[in-house]
Amino acid sequence: MNDYAGQHEVISENMTSQITVDLARFVQELKQERKSNFHDGRKAQQHMETCWKQLESSKRRFERDCKEADRAQQYFEKMDADINVTKADVEKARQQAQIRHQMAEDSKADYSSSLQKFNQEQHEYYHTHIPSIFQKIQEMEERRIVRIGESMKTYAEVDRQVIPIIGKCLDGIVKAAEAINQKSDSQLVIEAYKSGFEPPGDIEFEDYTQPMKRTVSDNSLSNSRGDGKPELKFGGKSKGKLWPFIKKNKPPPPPPASASPSAVPNGPQSPKQQKEPLSHRFNEFMISKPKIHCFRSLKRGGATPEDFSNLPPEQRRKKLQQKVDELNKEIQKEMDQRDAITKMKDVYLKNPQMGDPASLDHKLTEVSQNIEKLRLEAQKFEAWLAEVEGRLRAWKCGSQGPDGSYTEERSQENEVKVLATDFDDEFDDEEPLPAIGTCKALYTFEGQNEGTISVIEGEILYVIEEDKGDGWTRIRRNEDEEGYVPTSYVEVYLDKNAK
């Protein structure tokens, strides 16, 4: 499946390098070209508007000069017909009429020239410039369309290249799925997590006319050493329950170390401690998995003993064997380094010009010290490993050490488990904060951030912590839903009797 996902990454990378990058550059070029074409179109349009204004101006000037010439001519004729006007005035009126007439002729010529120029510009605008610009835009769009088609073909080729590999990946997934063996998988889990503890022995018939007898077993809850210490007693909520199969995803509460808080460690035992339900024996057997494996303990910084004595025998043997193998590898690595330094020193001795042999003495001594230190460490773990393996063999043969030393260690391991369980349940069974009042949601709030809770307008909830000046109030809807909401979103009614 990783290979299958990797092929999709290959497709993505090839699309980026062969398609996306080129298309992005091509699009920028098209934008610049389009901008240039539109600029040319606006420029041609503005030129036409200028030519039109010039034509209108020459036309109005020609019209005005014609009217002035006509009025001057009429005035001359009037003066010429009047017998009371002097000859000089008539001559002056005639000259003025001639000037106005000449101005009208000049305006007419200018207007004619402007009209001819405008018509020519307009023809070029509509038949040359604008068609050329539209043709460029059309060609640009056609190039864009062709380029999109080429990109689609490139994508198809990119995808086609990995199809055989994807097919092989899918075949491999099917083959792996068909090769699943649930029995061997279950056996692997069993081998990884089995404790190595033997099941308890059979319970003998208890004759109340005689002192109670019970088959001695490495895992029996009765204390057969007779050293006066009280045996562990399981009680409370765990009675009669096999905790791995109950609904809650945590072990039952830890058993008390004694029958009552005032019990003395070496004091006399009460008669009730001599008899225990079978479920208690099951409980101890089932909680043999060490609590140190729990992630909660790891997060709280729970320390693991160096000899892994907190683990069940089989798990402890595996951990010790792993540690011995790691140390042997480190020893071999250091020995290889020592051999290399020794060879280099011999070379320096034979060829002094290559280096000073004495300069390697310090490094050689340091490596030798590391080897000795690692060997001592390995011997320590090997001794622990041999001890555990010896006990496992003894269990398989159904024997027990004559001095009862293992019973003592089992008892200590049980005590460690009890303490670890006690420690975990302190956090698991934390009492919820009491409600100090109620509140009504004035507005709807979507609690999307961690630690907040969503509320609906008009909803009534419990207040478990007032606003401490930061603008947030802590509320609860039920046992499993609580969080903070803005104080301005709720109307709080505190209980005066709440502590």
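The paragraphs below treat helix packing, salt bridges and nonpolar cores in turn.

This is a predicted model, in which local features need pLDDT of at least 70 and side-chain atom pairs count only at pLDDT 80 or more, while totals for chains, interfaces and linings use all residues. Residues are numbered from 1 along each chain as its sequence is written, and side-chain values use heavy atoms, without hydrogens and water.

Helix α1 (residues 2–81) packs against helix α2 (residues 87–178) at an angle of about 170°, their axes being 7 Å apart; helices are DSSP runs of H or I with at least four residues, numbered from the N terminus, and axes are lines fitted to C-alpha atoms over the stretch in contact, with angles from 0 to 180 degrees between N-to-C directions. The angle makes α1 roughly antiparallel to α2, a description applied over 145 degrees.

The structure holds 21 salt bridges (a side-chain nitrogen of Lys or Arg within 4 Å of a carboxyl oxygen of Asp or Glu). In one of them, Arg 61 pairs with Asp 110, with the closest N and O atoms 2.4 Å apart. Arg 61 belongs to helix α1 and Asp 110 to helix α2, so the pair ties together parts 49 residues apart in sequence.

The largest nonpolar core has 19 residues, of which Phe 308, Leu 320, Leu 327, Ile 331, Ile 341 and Phe 381 touch the most other members. Such a core is a set of buried Ala, Val, Leu, Ile, Met, Phe, Trp, Tyr and Cys residues joined through side-chain atoms within 4.5 Å, buried meaning under 20% relative accessible area with a 1.4 Å probe and protein chains only. Helix α7 gives the most to this core, with 10 residues.

Notes: Buried means under 20% relative accessible area, exposed over 50%, partly exposed in between (1.4 Å probe, protein chains only). Helices (H or I, at least four residues) and strands (E, at least two) are DSSP runs, numbered from the N terminus. Angles under 35 degrees count as roughly parallel, over 145 as roughly antiparallel, 65 to 115 as roughly perpendicular and the rest as oblique.
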